[in-house]
There are 2 protein chains.
Amino acid sequence: MNIILASTSTLFGGNYLEYLKEELIGLYKGIDEIIFIPFARPGGISHEDYTEKAKSFFETINIRVRGLHEFDDKTEALDLAKGFFTGGGNTFLLVKTLHEENLMSVLKKNIEAGKPYLGCSAGSNIGGQNMKTTNDMPIVYPPSFDCMGLVPFNINPHYLDPNPELKHNGETRETRIKEFLTQNEIKVVGLREGNWIRRIDNIITVEGSELTRIFEKGKEPYEIKSGSQI
Amino acid sequence: MNIILASTSTLFGGNYLEYLKEELIGLYKGIDEIIFIPFARPGGISHEDYTEKAKSFFETINIRVRGLHEFDDKTEALDLAKGFFTGGGNTFLLVKTLHEENLMSVLKKNIEAGKPYLGCSAGSNIGGQNMKTTNDMPIVYPPSFDCMGLVPFNINPHYLDPNPELKHNGETRETRIKEFLTQNEIKVVGLREGNWIRRIDNIITVEGSELTRIFEKGKEPYEIKSGSQI
């Protein structure tokens with residue numbers, strides 16, 4: 001496999017995908033066209049407008065983009081594609097759409113065959129075992145929470161450390177992930193913004209500017225450095 | 001109906017249910033025993049420990065508490081109960097348990113017959129039309145997101161205003177609720193901590209120390225004062 005699963009598409013104060021530009025040139029080396037999967041629809045944006053946003057970035061690295069929604073036969077489109085990018089937004093909407101159109105397993109098969117894949121935020125959640133560690137609001141009911149399992153763990157994108165100044169009794173992110181571990185055995189990678197998972201063949205590493213926080217059942221959470229294998 | 005759906009059980013720096021004490025004396029007037037529904041299990045706490053926590057508060061207002069998990073026949077327990085309290089925690093776990101044990105509709109029927117009900121956080125979410133505006137992590141997969149519909153809208157508990165100082169690209173609460181409204185027609189009540197919904201017969205009001213933020217499809221969000229009918 002040849003994949004990047006990133007916490008976010010956009011760093012605070014930065015432009016769309018800018019911080020990943022050099023990485024993406026490497027990921028998609030030799031490829032001149034990819035399929036963009038716009039189903040997570042951040043803020044309810046249309047598939048067309050979301051695809052335009054992806055196109056604007058990818059033309060700066062000479063890659064053409066077509067939106068998956070444009071194809072009548074989406075299974076065939078995935079099978080014929082050279083590479084993929086799934087944008088962020090609402091993970092429930094993304095997973096519901098992929099399952100209802102029977103595309104989750106088709107996308108998985110194509111990525112496992114070696115086609116490059118980039119996921120950001122919700123697009124990274126679907127690379128994990130299931131979507132049970134998304135931060136998103138359950139605005140629609142998917143037929144299943146199962147995802148592609150491109151890595152042997154779950155991802156929590158936009159991982160956020162507790163803010164000791166916040167006078168609010170909602171759960172912290174760490175509390176939520178620990179609740180997940182009371183019900184599940186799966187390891188969770190808390191990806192801070194600026195970080196991503198890189199898988200090349202069977203080697204999986206964490207990359208980026210921040211430490212990465214790992215949660216496992218029965219252990220205290222711990223931090224690993226950029227470049228560490230996982 | 002005679003219900004309170006509160007944003008939180010505990011104000012920042014306060015003790016469990018303390019800020020609601022006078023309200024709860026009114027809600028449960030004439031009642032000496034209630035059933036506590038501990039299924040949301042905050043932080044993975046056991047049903048027993050969570051019920052003890054509720055007992056400790058309710059003994060200060062001379063109300064006995066029994067946990068619903070203690071009963072072999074839970075449907076009969078709900079039918080024979082004098083009143084109810086559902087504590088906060090994880091809404092997915094709460095809704096999954098209530099649906100799998102066929103208790104959601106039994107609880108609804110008993111509340112609609114006039115038995116007093118208190119919900120906090122996840123326990124308030126289940127008073128809405130569905131759980132699609134919870135803040136919680138989807139750590140388990142419920143057979144349905146449908147809830148009791150004790151009020152003709154959805155609730156977003158622990159409603160949190162955007163923090164302009166946060167250098168983080170995760171969605172704000174307002175963005176998430178607006179995404180909900182791209183997929184659903186249901187009004188959403190953003191309940192800040194310190195606020196609650198009060199329903200007495202057919203009169204529904206918002207109460208508490210803060211303004212309440214209302215989200216409706218096709219409208220700008222707006223604020224209503226404590227005491228307003230909704």
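**Interface and sheet**

Analyst: Chain A puts 46 residues into the contact and chain B puts in 46 residues, where contact means heavy atoms within 4.5 Å. Keep in mind that this is a predicted model, where local features need pLDDT of at least 70, side-chain atom pairs count only at pLDDT 80 or more, and totals for chains, interfaces and linings use all residues. Residues are numbered from 1 along each chain as its sequence is written, chains are lettered from A and ligands numbered from 1 in the order in which they are written, and side-chain values use heavy atoms, with hydrogens and water left out.

User: How much area do chain A and chain B bury between them?

Analyst: About 3,800 Å², with 59% of it on carbon and sulfur atoms. Buried area is the accessible area (1.4 Å probe) that two parts lose on being put together, summed over both.

User: What makes A:R176 and B:D136 a salt bridge?

Analyst: The rule wants a side-chain nitrogen of Lys or Arg within 4 Å of a carboxyl oxygen of Asp or Glu. For A:R176 and B:D136 the closest N and O atoms are 3.6 Å apart, so the pair qualifies. The count between chain A and chain B is two salt bridges.

User: Which elements give two or more residues to the side of chain A that touches chain B?

Analyst: They are α4 (91-100), β6 (154-159) and α7 (173-183) of chain A. Helices (H or I, at least four residues) and strands (E, at least two) are DSSP runs, numbered from the N terminus. The largest share, seven residues, comes from α7(A).

User: Why are β3 and β9 of chain A at the edges?

Analyst: The open sheet has seven strands in the order β3-β2-β4-β5-β1-β8-β9 (chain A), with mixed pairing. β3 (64-67) and β9 (203-208) of chain A each have a single partner strand, so one side of each lacks a neighbour in the sheet.

User: How do you know that β2 and β4 of chain A pair?

Analyst: Two strands pair if DSSP finds at least two bridges between them. β2 (residues 33-37) and β4 (residues 84-86) of chain A have three bridges, in the parallel sense, so they pass. One of the positions to look at is A:I35, whose bridge partner in β4(A) is A:F84.

User: What about β8 and β9 in chain B: parallel or antiparallel?

Analyst: Antiparallel, with six bridges joining β8 (residues 195-200) to β9 (residues 203-208) of chain B. B:I200 stands opposite B:I203 in β9(B). The hairpin has two residues between the strands, and B:D201 takes a positive phi near 55° there.
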